[in-house]
Amino acid sequence: MILHTGLRTDIPAFYAEWLKNRIKEGFVLVRNPYCPDRISKYSLSPDVVDLLVFCTKNPAPMLPFLNCLKPYGQYWFVTITPYGKEIEPNVPPKEQAIETFQKLSGIVGPKAIVWRYDPVFLTKTYSVSRHLKEFEAMAKMLSGYTHTCVFSFLDLYPKVRLNFPEGKEVLDTDKLLLGTSFAEIGKTYGINVKSCGEGNELARCGVDTSGCMTVSAFEQALGKTLCAPKIRDARKECACFLTCDIGAYNSCGHLCRYCYANYNEKTVRKNLSMHDPNSPLLLGKLHSEDEIHSVNQKSWIDLQMRLDFL
């Protein structure tokens, strides 16, 4: 099966030691965000976990613990954007992020690491020309270290409107211009540019609209085929294969103003104070009323040899 770690928070950046401890103990407990007294227990045995998927803005704290990830397939999404501290207050500078990306790519290989350039929004500071200049500079530095870049435009979820009121939707004309230019730049540097959650509108610009977290992408990272179950798409514009996630909302200390997973800074700081790297839960402790159920897990690797990956 596939376990996600970054749909709700940034585990490599803030909870690397915790994940290392969970892997050592062989299981993790995950509180249901919509029914908090329901807890899922996942085995972390490599016999049933085929792939760990990471979404992070700072993989550096996880680098000392990469040995514990060797038994698993890995697929890393690392976000590097041009935004400053007024937008991403606790994200490392892009120069540092690029250096860490290059180190990680040298360990897991360029097939297993993806550069995310998102979300894209436009302001007086971050204009179309600024994005194109920054995107090309980053693409040049990441060329050879990844085969894929994923971008998306700002989604104005209620939490985003609350924390980033000046955020505006990108006009269709600007989307087409940016999509066309990103695709052309990517081609120059050997990087396939994909859109995330934008439907198929950008396909005419040369953008790959097949989806970013797809079974096909995971198979390429693993070098193996998967007999993955059929699941519903996350939303109509999205082709991602989203399964179980071991993170928790309102726990990412980056505090990016456009974040959909954090409600507000006060809640995040309270939750961060509840973290214990030795706990089976990411946040807090078990309560007497909690109900724990073990999730039925099995490997999805197709044991029949396929020539595609040889």
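Colleague: How many disulfides does the count come to?

Modeller: It comes to 0 disulfides, a disulfide being a pair of cysteine sulfur atoms within 2.5 Å. Cysteine 55 is in none, and the nearest cysteine sulfur, that of cysteine 212, is 7.9 Å away. Keep in mind that this is a predicted model, where local features need pLDDT of at least 70, side-chain atom pairs count only at pLDDT 80 or more, and totals for chains, interfaces and linings use all residues. Side-chain values use heavy atoms, with hydrogens and water left out, and residues are numbered from 1 along each chain as its sequence is written.

Colleague: Is cysteine 196 buried or exposed?

Modeller: Cysteine 196 counts as buried at 13% relative accessibility, and cysteine 55 does too, at 14%. Buried means under 20% relative accessible area, exposed over 50%, and partly exposed in between (1.4 Å probe, protein chains only).

Colleague: OK, new topic. What is the strand order in the open sheet of 7 strands?

Modeller: The order is β8-β7-β6-β5-β4-β1-β9, with parallel pairing. Strands here are DSSP runs of E, at least two residues, and helices are runs of H or I, at least four, numbered from the N terminus. Two strands pair if DSSP finds at least two bridges between them.

Colleague: Which strands stand at the edges?

Modeller: β8 (192-195) and β9 (244-245) do; each has a single partner strand, so one side of each is left without a neighbour in the sheet.

Colleague: And how many bridges join β1 and β4?

Modeller: β1 (residues 2-4) and β4 (residues 51-56) pair in the parallel sense over 3 bridges. Histidine 4 stands opposite valine 53 in β4.

Colleague: What does α6 pack against?

Modeller: Its buried residues pack against β6 (113-120), α4 (128-142), β7 (148-153) and β8, with contact meaning heavy atoms within 4.5 Å. Among those buried residues are Leu178, Phe182 and Ile185. Just after α6, glycine 190 takes a positive phi of about 70°.

Colleague: Zooming out, how many helices and strands does the protein chain have?

Modeller: The chain comes to 8 helices and 10 strands. Of its 310 residues, 50% count as buried. The C-alpha trace spans about 55 × 50 × 35 Å along its principal axes.
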